[in-house]
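Thanks for coming, everyone. Please have a look at the structure on the screen before I start.

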Amino acid sequence: SKKVKLNEEVMSEDEKIDEKLLLREFKSQVFDSFWDRFGTFFVHILPHPNLEIGKRGLIAEEKESGIVLVFGPKAVRDISSQAQYLYAELQFGYAWEKLIIPWDAVFRMYDKAQIAVVQTKVFSEEIDWDLKNTKGK
């Protein structure tokens with residue numbers, strides 16, 4: 001099997017895929033915990049080829065450093081956690097935007113008081129997925 005050098009450690013392609021799957025599940029669980037325990041919290045998303053932020057997209061320096069999104073009862077209209085991504089409708093000013101956030105792009109999650117701060121590895125490779133039947137729950 002093909003080997004990939006990663007963080008000074010050699011991993012097989014299968015191990016790299018397992019790492020991505022593990023991190024996606026972990027990020028999803030952390031997100032759910034923040035959603036259940038904190039009224040408002042923040043998620044730092046890094047640029048990713050599969051990241052969709054409605055008509056807005058990433059602007060100016062966000063294209064390099066990413067964007068910090070606010071999640072909370074007044075800022076979220078619809079939300080659905082999937083295996084590879086988070087679907088959400090978030091408010092930007094007066095406009096609601098539909099977002100598809102790959103778990104691979106989630107870099108940091110933290111609450112307002114920064115009592116809990118979780119920072120994880122990101123993967124920037126494009127994901128081949130079919131989103132034709134994407135709906136919130």
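I will go through the sheet, then the aromatic rings, then the nonpolar cores, and end on one glutamate.

First, the ground rules. This is a predicted model, where local features need pLDDT of at least 70 and side-chain atom pairs count only at pLDDT 80 or more, while totals for chains, interfaces and linings use all residues. Residues are numbered from 1 along each chain as its sequence is written, and side-chain values use heavy atoms, with hydrogens and water left out.

Now the sheet. Helices (H or I, at least four residues) and strands (E, at least two) are DSSP runs, numbered from the N terminus. Two strands pair if DSSP finds at least two bridges between them. In general, strands of a sheet pair through backbone hydrogen bonds, either parallel or antiparallel. Here, four strands make an open sheet in the order 5-3-9-10, with antiparallel pairing. Which strands stand at the edges? Strand 5 and strand 10 (117-119) do; each has a single partner strand, so one side of each has no neighbour in the sheet. On average, neighbouring strands of this sheet are turned by 15° against each other, direction ignored. Axes here are lines fitted to C-alpha atoms, for helices over the stretch in contact, and angles run from 0 to 180 degrees between N-to-C directions. Helix 1 packs on the sheet and touches strand 3, strand 5, strand 9 and strand 10. Contact means heavy atoms within 4.5 Å. The direction of helix 1 makes about 20° with that of strand 9.

Look at strand 3. Five bridges pair strand 3 with strand 5, antiparallel. H44 has V68 as its bridge partner in strand 5. Five bridges also join strand 3 to strand 9, again antiparallel. There, H44 stands opposite R108, and V43 has M109 as its bridge partner.

Is strand 3 enclosed or open? Five of its five residues are buried, so strand 3 is largely enclosed by the rest of the structure. Buried means under 20% relative accessible area, exposed over 50%, partly exposed in between (1.4 Å probe, protein chains only). On one side of strand 3 we have F41, V43 and I45; on the other, F42 and H44; all are buried. Strand 9 is mostly covered too, with five of its six residues buried.

On to strand 10. Strand 9 and strand 10 pair antiparallel over three bridges. R108 has Q119 as its bridge partner there. The hairpin of these two strands has five residues between them, and Q114 in that hairpin takes a positive phi near 55°.

Next, the rings. Rings of Phe, Tyr and Trp (its six-membered ring) pair if their centres lie within 6.5 Å; planes under 30 degrees apart count as stacked, over 60 as edge-to-face and the rest as tilted. By this rule, there are eight aromatic pairs. Take F41 and F71: their ring centres are 5.6 Å apart and their planes are at 15°, so the pair is stacked. F41 lies in strand 3 and F71 in strand 5, so this pair ties together parts that are 30 residues apart in sequence. F41 has a relative accessible area of 0%, and F71 has 1%. Now F42 and Y110: the centres are 5.3 Å apart and the planes at 20°, so this pair is stacked. F42 in strand 3 and Y110 in strand 9 are 68 residues apart. Ring pairs also link F31, F34, W35, F38, F41, F71 and W103 into a cluster.

Now the cores. A nonpolar core is a set of buried Ala, Val, Leu, Ile, Met, Phe, Trp, Tyr and Cys residues joined through side-chain atoms within 4.5 Å. The largest one has 24 residues, and F31, V43, I45, L69, F71, L90 and I101 touch the most other members. Which strand gives the most to this core? Strand 7 does, with four residues. Another core, of five residues, lies apart from it; among them are Y85, Y87, I100 and W129.

Stay with strand 7. A hairpin of three residues joins strand 6 to strand 7. These two strands pair antiparallel over five bridges, and V76 stands opposite L90.

Last, the glutamate. E89 is found in strand 7 (residues 85-92). Is E89 buried or exposed? At 10% relative accessibility, E89 counts as buried. The E89 side chain makes a polar contact with the Y87 side chain, at 3.1 Å. A polar contact is a pair of N or O atoms within 3.5 Å; within protein, one must be able to donate a hydrogen and the other to accept it, and residues adjacent in sequence count only if both atoms are side-chain atoms. Not counting residues up to four places away in sequence, E89 touches A75, V76, R77, D78, W96, E97 and K98.
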